[in-house]
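Hi,

Here is the structure I promised to pass on.

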Amino acid sequence: YQSVTFVIKEGAKVIKVENLDTSCPSGHEVSKFVVTTTSNEKYEARAVLVASGATRRRLNVPGAKKFEQKGITYCASCDGPVFADKDVAVIGGGNAAFETAIQLAAYCQSVTIIEFTPTFKADKITVDKVLANPKVKGITNTETLEFKGDPSIPSGRGNFLKTLVYKNRTTGETKELSVEGVFVEIGFIPATDFVRGLVELTGTGAIKVDHRTERTNLIGIWAAGDCTDVLYHQNNIAVGDAIKALEDIYLYLNV
């Protein structure tokens, strides 16, 4: 247990983590795991740190893929300042959407929040506070139909988002909203299938952790970053969580 082997494996993906539930020679009970990859290689470990991240849910409507990074973006912290003094929309009705909207209101000309269901899913106090900002308005029960660019510009790299087409789900009325930016906040898909059934997950598949140590409910497995039930999704937060986990793993293995 004192020897350490460093392996960097590129081009392979973890498909399963198994708990062998053994003990080390000293009699001190520890977990022991086998990690299996897509290349059918197996690695044994006394501790596992899951940092597999998550993917954002993408919009599946005409123009969504065409105008991604040409007006449609999935990160207000990264891309928000690019849209200073412009009209933008936020698609989604949860807390993340409202947090994005109030962040954008600091420098955008207007922010329209578009929610598919009849009511916003965000906390009422958050909804009331954000919609009190004169730059922000909300539209519920609305289906996004299409994204369009400038019709005077031929389709290609130089055509950026100009219009969002949406429909009232009750009346069926279709309208167009002039925007140069759309920020999509419809949730994350944590990459956690390979530990499903092994550690405790939320209803959306995120790994539940103790946010002081990043430990999961199973001794010997830690998780950090966007694959966990962390509140905020940013690279620097994920890195910090991983460092906390590594500090705790070191103590677990050596103390």
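Let me start with a question: is Asp241 buried or exposed? Asp241 turns out to be buried, at a relative accessible area of 8%. Bear in mind that this is a predicted model, so everything here is computed from it.

**Helix 4**

Asp241 belongs to a set of buried residues in helix 4, along with Ala242, Ala245, Asp248, Ile249 and Tyr252. These residues share one side of helix 4, because the arc they cover around the axis is only 130 degrees. Their packing partners are strand 4 (48–50) and strand 15 (221–223). Look at the face turned away from that buried side and you will find the exposed residues Asn236, Glu247 and Tyr250.

As for the helix itself, it runs over residues 235–254, which makes 20 residues. From first C-alpha to last it reaches 29 Å, close to the 28 Å expected at 1.5 Å a residue.

Asp241 also has a salt-bridge partner, Lys244, with the closest N and O atoms 3.7 Å apart. Both residues sit in helix 4, three residues apart, or about one turn of the helix. An α-helix has 3.6 residues a turn, so residues three or four places apart point the same way. Lys244 is partly exposed at 31% relative accessibility, whereas Asp241 is buried.

Thr213 is itself buried, with a relative accessible area of 15%. Its side chain also reaches the backbone nitrogen of Arg215, at 3.3 Å.

**Other salt bridges**

How many salt bridges does a search of the whole structure find? The count is 16.

- Lys9 and Glu41 meet through their side chains at 3.1 Å, N to O. Lys9 is in the segment before strand 1 (14–19) and Glu41 in the loop between strand 2 (33–37) and strand 3 (42–45), so the pair ties together parts that are 32 residues apart in sequence. Lys9 is partly exposed, at 41% relative accessible area, and Glu41 is partly exposed too, at 28%.
- Lys86 and Glu180 form a salt bridge with their closest N and O atoms 3.5 Å apart. This pair links distant parts of the chain, 94 residues apart: Lys86 is in the loop between helix 1 (76–79) and strand 7 (87–91), and Glu180 is in the loop between strand 12 (174–178) and strand 13 (181–184). Lys86 is partly exposed at 29%, and Glu180 likewise at 31%.

**One more threonine**

Which residues does Thr112 contact, leaving aside its neighbours within four places in sequence? They are Val88, Ala89, Val90, Lys137, Ile139 and Leu177. Thr112 is part of strand 8 (residues 110–114) and is buried, with a relative accessible area of 4%.

That's the lot from me, and over to you.

Best wishes

Note on methods
Residues are numbered from 1 along each chain as its sequence is written. This is a predicted model: local features need pLDDT of at least 70, side-chain atom pairs count only at pLDDT 80 or more; totals for chains, interfaces and linings use all residues. Side-chain values use heavy atoms; hydrogens and water are left out. Helices (H or I, at least four residues) and strands (E, at least two) are DSSP runs, numbered from the N terminus. The expected span of a helix is 1.5 Å times one less than its number of residues. Buried means under 20% relative accessible area, exposed over 50%, partly exposed in between (1.4 Å probe, protein chains only). The arc is that of the directions from the helix axis to the C-beta atoms. Contact means heavy atoms within 4.5 Å. A salt bridge is a side-chain nitrogen of Lys or Arg within 4 Å of a carboxyl oxygen of Asp or Glu. A polar contact is a pair of N or O atoms within 3.5 Å; within protein, one must be able to donate a hydrogen and the other to accept it, and residues adjacent in sequence count only if both atoms are side-chain atoms.
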